[in-house]
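Subject: Structure for you to look at

Hello,

Here is the structure I promised to pass on. Please open it first, then read my notes below with the model in view.

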Amino acid sequence: MLWLQTPAGEVALPPPKPVELTLLDFIRMGGWPMVLLILLAAIGLYIFFERYLLIAKYDRDPSAFMEQVKSALRQGDVRRAEALCTATPTPFARMVGKGLNRLGSPLPDIAAAIQNQGNLEILQLEKNVSYLATISALAPMLGLLGTVTGMIQAFMKISHLQGNANPAALASGIYEAMVNTAAGLFVAILANFAYNFLVNRIQSFILKMETTSMAFLDLLQEPVR
């Protein structure tokens, strides 16, 4: 508790009220660099959830699908195997379907066709993911830019007040500097996490694609019974 010395004695002062800041207050304190950081964060969130939902849609165990294809091919029913691939909208099915379209060609040609289709599928999965890495690198620099502009404002006020500056007069510039630093780091951390998370999911998916293509090529080399 704070006390104020008066001629009549000490008087207790009420405790200062805590300052409560809302998210909108932080945005206002950050100035125009904060607007750019919010835009980057929104773009990053959109890319992350759009890619995550797409990968989750495709990332299913292809074992059941491959068993159906194997059953059809072992019975000599290529049309049924092709129909299964057409009815299954996944990268696994499109790769196998591309291989079925090349039946009768040498095995290296079939393998090359499957690999080319797999590369196309990987490019589709990785679409826009690299932007998350860009956001992760760009956000701290925007935060630093906001820090510099905030400190410039603070020193300009010191100059205009000719050395009679008080903490309240400098607060807005310092607030802008610190808020932008924190916001830039926050956006960069989230973007970096999102980028690495998606890259790991895509790498795991690529492994399943390779396993599926190998299983299909092995099936083509089985001796005819």
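Start with helix α6. Its buried residues are I110, A113, I114, Q117, G118, E121, I122 and L125. The helix takes in residues 107-125, which is 19 residues. From its first C-alpha to its last it reaches 27 Å, close to the 27 Å expected at 1.5 Å a residue. Keep in mind that this is a predicted model.

Now the overall layout. The protein has 225 residues, and buried residues make up 33% of them. Its secondary structure comes to 8 helices and 2 strands. Read from the N terminus, the order is β-β-α-α-α-α-α-α-α-α. I also looked at contacts between residues at least 6 apart in sequence. Of these, 71% join residues at least 24 apart.

Next, helix α2, residues 32-58. At 1.5 Å a residue, its 27 residues should span 39 Å. The end C-alpha atoms are 40 Å apart, which agrees. Buried in α2 are P33, M34, L37, L40, G44, I47, F48, R51, L54, I55 and Y58. Look at Y58 again: R94 lies over the face of its ring, at 5.5 Å from the ring centre.

Which residues of α3 are buried? They are F65, M66, V69, K70, A72 and L73. These cover an arc of only 165° around the axis, so they sit on the same side of α3. After α3 comes G76, with a positive phi near 75°.

Pick out A72 in helix α3. A72 has a relative accessibility of 0%, so it counts as buried. Leaving aside residues up to four places away in sequence, A72 touches D77, R80 and A81. L84 is 12 residues from A72 along the chain, and their C-alpha atoms are separated by 9.3 Å.

Then the aromatic rings. The structure holds 6 aromatic pairs. One of them joins F48 and F49: the ring centres are 5.2 Å apart and the planes are at 75°, so the pair is edge-to-face. F49 has 46%, so F49 counts as partly exposed. Both belong to one aromatic cluster, formed by F48, F49, Y52, F193 and F197.

Last, find T147 in helix α7, which covers residues 129-160. T147 has a relative accessible area of 13%; buried means under 20%, so T147 is buried. What does its side chain reach? The side chain of T147 reaches the backbone oxygen of G143 at 2.9 Å. It also makes a polar contact with the side chain of T181, at 2.3 Å. Not counting residues up to four places away in sequence, T147 touches A177, N180 and T181.

Best wishes

Note on methods: Residues numbered from 1 in each chain as written. Predicted model: local features only at pLDDT ≥ 70, side-chain atom pairs only at ≥ 80, totals over all residues. Heavy atoms only, no water. Helix = DSSP H or I, 4+ residues; strand = E, 2+ residues; numbered from the N terminus. Buried < 20%, exposed > 50% of the residue type's maximum accessible area, 1.4 Å probe, protein only. Polar contact = N/O pair within 3.5 Å; in protein donor to acceptor, adjacent residues only side chain to side chain. Contact = heavy atoms within 4.5 Å. Expected span 1.5 Å × (residues − 1). Arc of directions from axis to C-beta. Phe/Tyr/Trp six-rings, centres within 6.5 Å; stacked < 30°, edge-to-face > 60°. Lys NZ or Arg CZ within 6 Å of the ring centre and 35° of its normal.
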